[in-house]
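This report looks at two parts of a predicted model. Please keep the sequence and the structure in view while reading.

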Amino acid sequence: MNIHEYQGKQLLSKYGVAVPKGAVAYTVDEAVKAAEQLGGPVFVVKSQIHAGGRGAGRFKDNPDGKGGVRVVKSVDEVKANASEMLGHILVTKQTGETGKEVKRLYIEDGCDIAQELYLGMLLDRETSQLTLMASTEGGMEIEEVAAATPEKIIKVAVDPATGLQAFHARRIAFGLGLTGGQVKSCVKLVMAMYKAFVDLDCSIVEINPLVVTGAGDVMALDAKINFDDNALYRHKDVAEMRDEEEEDPMELEAAKHELNYIKLDGSIGCMVNGAGLAMATMDIIKLNGADPANFLDVGGGATRERVTEAFKIILSDANVEGILVNIFGGIMRCDVIAEGVVAAAREVSLAVPLVVRLEGTNVEMGKEILANSGLPIISGNDLGDAAEKIVKAVKEAQ
């Protein structure tokens with residue numbers, strides 16, 4: 001789960017991470033009130049959407065090209081810029097040309113920035129350790145830094161058995177070239193950030209930029225936090241921060257039915273049981289010259305109703321030109337899948353090619369259900385055969 005920048009800062013500040021003062025605003029009047037309470041003289045008006053690159057973005061209806069993060073020097077300027085941003089579509093390189101509507105702003109105190117840095121924490125699957133990443137190239141995308149100047153990225157792995165120690169944080173501070181009181185300020189921030197990461201079951205915490213102020217303080221000027229969805233039951237307060245309007249409606253609907261669904265850009269819809277098999281299915285579709293429209297894992301214990309909902313979600317994507325159902329029945333029974341597929345196909349009036357490959361528990365029963373359905377369902381003998389057939393069927397239907 002993702003949250004907005006201002007929410008991330010609220011959480012981090014509770015753990016002792018230094019952040020500028022600010023307030024969220026849903027209307028122009030609230031933005032003005034927030035600025036008056038902050039006092040100024042410099043304010044930052046920040047669009048709050050779930051996408052990076054806001055400052056370098058542009059509003060669709062703003063010909064002057066101003067981005068989604070603006071530094072202003074009066075309450076009147078806060079009012080004018082809030083009017084230009086709220087209710088308007090912000091386009092960044094992460095949103096694509098569709099963009100996202102700005103429905104809330106964060107009005108923040110200006111900051112005397114002497115240096116911009118980068119700091120992130122994430123789980124490294126290769127080492128099974130939490131890894132701290134830092135760079136002197138703050139304000140830039142860390143992927144760009146890694147590609148162009150990998151030597152400028154500092155990595156420190158933390159053994160979960162011992163946790164973060166002060167020397168880990170000092171290594172980060174010295175690696176960033178900090179001196180004197182800056183080191184102490186950085187160590188305090190890193191230790192607080194680590195505690196927040198662990199306590200809140202985060203999957204990533206990213207501060208970009210992390211800044212050194214003119215007074216030598218180290219402060220988080222931005223905050224991006226992602227959480228482990230499987231641990232949200234432990235954090236009711238965090239779960240309440242969810243902004244469903246920022247999420248893909250199909251992914252949101254899938255979550256309600258306990259389906260693991262991620263929308264992609266292709267044209268072949270996929271319904272599979274098991275994440276590994278789903279990945280293999282997407283790969284073999286690509287190998288046959290097409291692109292998957294989604295990742296969808298119905299899980300090992302899916303019911304007929306859940307399968308029906310999965311099918312309907314796939315077909316709600318206007319880009320889907322064909323569907324490949326690939327089921328290996330272990331815990332999941334092939335006859336249950338078949339019943340769900342038939343029920344969904346009838347309910348939505350199937351109008352695209354459908355290839356089904358079944359194998360495993362009750363496979364003959366499943367195939368019989370499909371064969372007797374009266375629907376134009378193409379049977380796949382194995383995964384390779386099924387992928388070839390769906391790609392061919394889609395091309396012939398165009």
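What covers the buried residues of α9? The cover includes the strands β15 (268-272), β16 (294-297) and β17 (322-329), together with helix α13 (383-397).

Within α9, the residues Ala278, Thr281, Met282, Ile284 and Ile285 are buried. They cover an arc of only 165 degrees around the axis, and therefore lie on the same side of α9.

Gly276, Asp283, Lys286 and Leu287, by contrast, are exposed on the other side of α9. After the helix comes glycine 289, which has a positive phi near 95 degrees.

## A four-stranded open sheet

The model also contains an open sheet of 4 strands, arranged in the order β1-β7-β2-β4 with antiparallel pairing. Because β1 (22-25) and β4 (69-72) stand at the edges with a single partner strand each, one side of each is left without a neighbour in the sheet. From one strand to the next, the twist averages 20 degrees.

Strand β2 (residues 43-47) runs antiparallel to β4 and is joined to β4 by 4 bridges; valine 45, for its part, has arginine 70 in β4 as its bridge partner.

## Helices packed on the sheet

Helix α2 (residues 28-38) packs on the sheet, where it touches β1, β2 and β7 (105-109), and its direction makes about 15 degrees with that of β7. Helix α3 (residues 75-85) lies across β2, β4 and β7, and runs at about 160 degrees to β4.

Terms used
Residues are numbered from 1 along each chain as its sequence is written. This is a predicted model: local features need pLDDT of at least 70, side-chain atom pairs count only at pLDDT 80 or more; totals for chains, interfaces and linings use all residues. Side-chain values use heavy atoms; hydrogens and water are left out. Two strands pair if DSSP finds at least two bridges between them. Helices (H or I, at least four residues) and strands (E, at least two) are DSSP runs, numbered from the N terminus. Axes are lines fitted to C-alpha atoms, for helices over the stretch in contact, and angles run from 0 to 180 degrees between N-to-C directions. Contact means heavy atoms within 4.5 Å. Buried means under 20% relative accessible area, exposed over 50%, partly exposed in between (1.4 Å probe, protein chains only). The arc is that of the directions from the helix axis to the C-beta atoms.
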